[in-house]
Amino acid sequence: MKKYICIMLSAFMMMSAMTGCGSKSYQEDVATAPSEPPMTMNKVNPSTAGAMDSNEMEEEVGIVNPSTGAGGNEEATPVMKQEEVVPPEQQERKIVWTVHMELEALAFDDLISSTTKRVDELGGYLESSDISGSRRSDGRESRYARLVLRVPSKDLDAFLDEVGTMANVTSLNKQRDDITFEYTDTENRMKSLRIEQEKLFDLLNKATDLESIIRLEERLTQVRYEIENYNSTLKLYDNQVNYSTVYLNINEVLKISQASTDSIGSRISTGFTNTLYNLKIFAENLLIYIIVYSPVLIILAAIIAIVIVILKRRLRKEEKQDKLPKQTKEKPKTENVNDYKGE
C-alpha cells in the first residue's frame, strides 16, 4: 500500500514539473512576440452616415465581414473585385455632333418634304418644326422654316451632302463636343453605387437589430435614387452621341444667290444680271398691279376726265367774260357825253 502511494506521489510531482516548464516557455514566447496594435472601432459620424463603406456598416450593425473572416485575417479573399480602370486612350470616344445649316430653296415645300422623308429612312426623327411667313402679293416668297432634326451620327456626313444637292447652302457650321470624360465618370459612379447596393442587400439580410435595418433601408433608398439619376444621364448621353442634332434653316427665294468672287469682270457680270432680273421683277409686278387694281384705276380715270372737262368749260367761260367788259366800258362814256350836250 505504501509502495502504491509513493508511486502516485512521484507521478504527480513529475506532471507538476512538466506543466510548470510549459507555462514558463509559453510566457516567454508571448513576451518575445511582436506586439500588435489594438483593434479600435470606428465611430460613425451621423452627418456622413450615408457615405460610409461596407466595413463601417458591418461594424455599425455588428456583422462580421466575410472578407476578413471571423478572426480578422487580412489575407482572406474579398467578396467583390474592384472594377478595372481603363486608360483614357483606350476608351471609346463619346462625340456629340451639332450642325447649323442655312439653305435657300426655290421649291420650299418639296425641300421640307424630301428632307424629313430622308431622315426617317436613315432611322432618325424630326424633333421640332417651325414654318412662318406667306406668299406676298408682289409675287415674292417670304416663307421661312426652322427644322430640328436628329440624324444617326454614322450617316451625318452623307445626309449633309444629300441636302446640299437639294438646295443652295449659304452657311454651314459643324461643332464637335467630346463628352468621354463626363460619360466615363457617370458610368463609374453608377457602377460603384450598384456594388454598394448589392453589399447593402447582403448586410440587410444579416442584420437583426431594428435600428440597423432602418439605417440600411434609408441608405438603400438613397442609393436607388442616385442610380436612377445616373442611369437617366447615361441615356441622355447615349442619345446625343448616337443621334447628331441638325438645325436646318430654310429660306424660300425666287432666285438662288450666287457666290461672289473677287474679279472685276465677274462682279460686273453679276451686277448687270441682277439689274436685269430686278427690272424684270418690276415689270411683272407693275403689270400685276395694274390688272389687280384696274377697277379702281378706271374709276379714278373717269373722275379725272370729268374734272378736266369741267375745268375746260370754266376756262372758256372766263375767256368770254374777259372780252365782255371792254365793250361795256366804252358805252358809258358815249352816254355821258350825249347827256351833257342835251343839258
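Predicted model: local features only at pLDDT ≥ 70, side-chain atom pairs only at ≥ 80, totals over all residues.
I started with the strand order. I found an open sheet of 5 strands, ordered E2-E3-E5-E1-E4, with mixed pairing. Strand E2 (125–132) and strand E4 (168–178) stand at the edges. Each has a single partner strand, so one side of each lacks a neighbour in the sheet. Neighbouring strands are turned by 10 degrees against each other on average, with direction ignored.

**Entry: strand E3 and its partners**

I followed E3 (residues 144–152) next. E3 pairs with E2 in the antiparallel sense over 7 bridges. I noted two of the residue pairs. Asp 130 has Arg 146 of E3 as its bridge partner. Tyr 125 has Arg 150 of E3 as its bridge partner.

I then turned to E5. E3 and E5 also pair in the antiparallel sense, over 9 bridges. Here Arg 146 has Asn 249 of E5 as its bridge partner.

How many residues of E3 are buried? I counted 7 of the 9, so E3 is largely enclosed by the rest of the structure.

**Entry: H3 against H4**

For helix pairs I recorded axis angle and axis distance, since two packed helices are described by these. The axes of helix H3 (residues 108–122) and helix H4 (residues 156–166) come within 11 Å and cross at roughly 160 degrees. Angles over 145 degrees count as roughly antiparallel. H3 is therefore roughly antiparallel to H4. Their crossing is right-handed.

I listed the contact residues. H3 contributes Leu 111, Ser 114, Thr 115, Arg 118, Val 119 and Leu 122. H4 contributes Phe 159, Glu 162 and Met 166. By class, I have 5 nonpolar, 2 polar and 2 charged residues in this contact.

**Entry: H5 against H6**

I took the next helix pair in the same way. The axes of helix H5 (residues 180–206) and helix H6 (residues 210–242) come within 9 Å and cross at roughly 155 degrees. That makes H5 roughly antiparallel to H6.

Terms used: Residues numbered from 1 in each chain as written. Heavy atoms only, no water. Axes fitted to C-alpha atoms, helices over the stretch in contact; angles between N-to-C directions. Helix = DSSP H or I, 4+ residues; strand = E, 2+ residues; numbered from the N terminus. Parallel < 35°, antiparallel > 145°, perpendicular 65-115°, else oblique. Left-handed = near helix turned anticlockwise from the far one by under 90°. Contact = heavy atoms within 4.5 Å. Nonpolar A, V, L, I, M, F, W, Y, C, P; charged D, E, K, R; others polar. Pairing = 2+ DSSP bridges. Buried < 20%, exposed > 50% of the residue type's maximum accessible area, 1.4 Å probe, protein only.
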